[in-house]
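Here is a short report for someone meeting this structure for the first time. Have the sequence and the 3D view open while you read.

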Amino acid sequence: MRSRRSLTFLLFITPVVLWLFLLIVLPHVDLLLMSFHTEDDSGAMVWSLVNYLNFFQEPVYWRTFMRTAIYAILVTMITFAVSLPVAFYITKVVSPRFSGFLSLLLLMPFWVSELVRVYGWMILLRESGVLNHFLMVSGLLQRPVEMLYNDVTMVMGLVYTSMLFMVVPLISVLESLDDSLIEAAYDLGGGIFSIVTRIIIPHAMPGIMSGGIVVFMLTLGNYLTPNLIGGKNSLWFTEQIYNQFIASFNWNQGAAFGFLLLVLSSSIIWLGLKLTRQKLSQVVQ
Amino acid sequence: MIRSLPNTRPYTIGFKIYVGLFFSFLFLPLVVTCVLAFNDSPFPALPWKGFTLTWFTGDQPGRVGIFHDTVNLSAIWVSFKVAFWVSLLSTIVGTCGAFLFEQEQFRFKQALYFLMLAPLVVPGVILGISILLFANTLGVAVENTFNLDVPLFRPGFWLVVLGQFSFIATLVTLVVSARLKKFDRTLEEAALNLGANRLEVIWHITLKFLRPAIIGAGAVAFLMSFENFNTTLFLVGSEATLPITLYLQVRDGSTPVINAISFLLIVGTSLLALINLTFSRKKE
């Protein structure tokens with residue numbers, strides 16, 4: 001019996017350990033090691049801090065880094081502000097007959113590839129796009145306006161891309177909110193503002209956190225949206241990584257950038273979890 | 001405020017307008033993409049020049065539809081192959097993971113569980129570059145010591161499969177674990193008492209119970225793999241997957257063929273989503 005049990009145990013643990021060590025742990029260790037190496041004059045690999053020094057000395061690198069971080073936080077907050085009323089409407093306001101249908105409808109666009117969604121925005125907003133066509137036909141515009149390639153459009157695109165990951169956790173926490181709490185607050189004379197800030201948001205905190213973490217992580221690591229509809233002269237940090245890897249072929253520098261992005265995303269996620277006293281395993285459920 | 005409370009008219013109407021705007025915002029780009037796939041114009045733009053199926057079936061020079069477009073067709077085929085292997089591998093390993101974390105006790109279980117969750121919070125781009133670096137390191141090491149050139153370690157088909165598998169397996173593990181939590185273990189005990197060994201119990205009883213979750217997770221894994229861009233970008237070799245091919249086309253200008261492909265993708269994924277949904281409804 002004892003040996004049988006250990007046989008199945010081995011059967012389960014071997015693929016999992018192989019997966020996690022060969023594809024997750026060792027590659028990230030390699031990433032870290034690579035980032036501390038550089039080629040010396042003879043072309044040999046030597047230990048060095050030059051990749052990180054480059055990052056701090058070259059303003060364009062750390063500015064891109066800060067810009068990416070700040071925009072990712074902004075996108076996360078806008079996504080929350082846009083999603084909360086929708087989640088509230090679906091769980092508490094609309095008649096229960098429609099709420100299932102509406103939440104299904106909500107999921108549909110997110111099954112479709114991100115590329116297709118970004119492409120949809122491109123043909124809507126570009127100079128020869130659909131929106132410009134309607135504005136011209138209706139006489140609101142005399143000549144077409146380029147609505148792509150600026151930061152506002154990029155932020156909108158990023159919010160659009162990651163909205164689902166905020167709405168779904170919000171719906172599930174709001175479903176567990178007892179209506180009578182809101183009724184009681186209302187009977188005691190609470191207005192909308194105080195009900196939202198003192199009942200709904202505190203109750204929804206776990207959902208806000210898990211949505212926020214996923215949205216933040218996805219936005220920070222996004223490449224498609226900033227690349228296709230963002231401004232041409234203002235880079236996203238993932239584009240810097242891509243440039244180092246594919247264009248300049250400086251893998252050590254790229255590794256350092258990758259590691260910095262990883263540190264940024266992990267530390268913000270860690271901070272978020274600490275502030276709300278939650279565990280990663282609860283948040284990802 | 002809510003259903004059970006009296007609401008003022010402006011509040012209800014305002015809310016309805018907001019949600020209406022939200023849903024139009026959600027669907028507008030998709031609807032426009034689909035509609036323009038049928039416009040008889042060489043550019044995916046208005047004005048409307050009449051209905052056509054050219055961008056699907058056309059084979060005239062300059063008006064080649066998707067069904068005759070060899071570049072995109074082969075990219076779709078590559079994506080299918082990648083998605084097939086990714087969903088196969090990740091359902092097998094993910095199911096092993098679910099059994100491991102739900103039914104086995106061992107040292108460092110918490111640490112391993114945490115490691116299993118890590119791919120969810122690592123940006124896809126980072127996963128891509130670290131796997132690329134590591135494969136390259138291995139390739140160089142193997143070449144120097146054994147004088148062997150192993151194609152697996154260069155960007156290409158199998159590296160894409162492994163890269164996507166590395167985070168999709170986490171998702172499968174979580175989905176299958178959630179189902180395994182609901183499993184009544186007395187059924188296993190009964191079978192063990194009746195003389196089955198542990199592997200027989202798992203094969204005949206536990207896996208039967210898990211089947212809907214495994215199929216559902218496999219479908220999601222397939223879809224995620226088919227659509228993955230971030231991780232694939234760094235690992236792709238000469239055989240580009242569909243998102244990579246489409247990205248290059250979208251970046252350098254666009255033709256209504258891209259709309260036609262998008263239309264097929266939207267219809268295909270919606271169907272898959274519906275199938276997946278009916279499956280998960282059934283298991284409840």
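Rings of Phe, Tyr and Trp count as a pair if their centres lie within 6.5 Å, with the six-membered ring standing for Trp. The model shown here is predicted. In it, Tyr223(A), Tyr242(A), Phe245(A), Phe249(A), Trp251(A), Phe229(B), Phe234(B) and Tyr247(B) form one aromatic cluster.

## Aromatic pairs

Phe55(A) is buried, at 3% relative accessibility. Phe56(A) is exposed, at 54%.

A further edge-to-face pair is formed by Tyr160(A) and Phe25(B). Is Tyr160(A) buried or exposed? Tyr160(A) is buried, with a relative accessible area of 1%. Phe25(B) is partly exposed, at 22%.

## Charges over rings

In chain A, Arg63(A) lies over the face of Trp62(A), 5.8 Å from the ring centre. In chain B, the charged end of Arg179(B) sits over the ring of Phe209(B), at 4.1 Å from its centre.

## Chain A as a whole

Chain A holds 14 helices and two strands. Its C-alpha trace spans about 80 × 75 × 35 Å along the principal axes. The radius of gyration of chain A is 24 Å, whereas a compact globule of 285 residues would have one near 19 Å.

Buried residues make up 51% of the 285 residues in chain A. The accessible surface of chain A is about 13,500 Å². Carbon and sulfur atoms account for 68% of that surface.

Thr161(A) is buried, at 11% relative accessibility. What does Thr161(A) touch, not counting residues up to four places away in sequence? Its partners are Phe110(A), Glu114(A), Arg117(A), Asn222(A) and Thr225(A).

Tyr149(A) lies in the loop between helix H6 (130–137) and H7 of chain A. Tyr149(A) is not a glycine, yet its phi is positive, at about 60°. Most residues other than glycine have a negative phi. Tyr149(A) is partly exposed, at 33% relative accessibility.

## Back to the cluster

Phe249(A), one of the cluster members, also has a positive phi, near 60°, without being a glycine. Where is Phe249(A) placed? Phe249(A) sits in the loop between helix H12 (237–247) and helix H13 (251–275) of chain A. Phe249(A) is exposed, at 58% relative accessibility.

Tyr247(B) is another cluster member, and in chain B this residue is one of the buried ones in H10(B). Why is helix H10 of chain B, residues 242–251, described as largely enclosed by the rest of the structure? Seven of its ten residues are buried, so the helix is largely enclosed. These are Leu242(B), Pro243(B), Ile244(B), Thr245(B), Leu246(B), Tyr247(B) and Val250(B). After H10(B) comes Gly253(B), with a positive phi near 115°.

## Cysteines

A disulfide is a covalent bond between the sulfur atoms of two cysteines. With sulfur atoms required to lie within 2.5 Å, the count is zero disulfides over all chains. Residues count as buried under 20% relative accessible area.

| Cysteine | Relative accessible area | Class |
|---|---|---|
| Cys34(B) | 15% | buried |
| Cys96(B) | 12% | buried |

Note on methods:
Residues are numbered from 1 along each chain as its sequence is written. Chains are lettered from A and ligands numbered from 1 in the order in which they are written. This is a predicted model: local features need pLDDT of at least 70, side-chain atom pairs count only at pLDDT 80 or more; totals for chains, interfaces and linings use all residues. Side-chain values use heavy atoms; hydrogens and water are left out. Buried means under 20% relative accessible area, exposed over 50%, partly exposed in between (1.4 Å probe, protein chains only). Rings of Phe, Tyr and Trp (its six-membered ring) pair if their centres lie within 6.5 Å; planes under 30 degrees apart count as stacked, over 60 as edge-to-face and the rest as tilted. A charge sits over a ring if NZ of Lys or CZ of Arg is within 6 Å of the ring centre and within 35 degrees of the ring normal. Helices (H or I, at least four residues) and strands (E, at least two) are DSSP runs, numbered from the N terminus. The radius of gyration is taken over C-alpha atoms; the globule rule is 2.2 Å times the number of residues to the power 0.38. Accessible areas come from the Shrake-Rupley method with a 1.4 Å probe; for residues, only the protein chains shown count as cover. Contact means heavy atoms within 4.5 Å.
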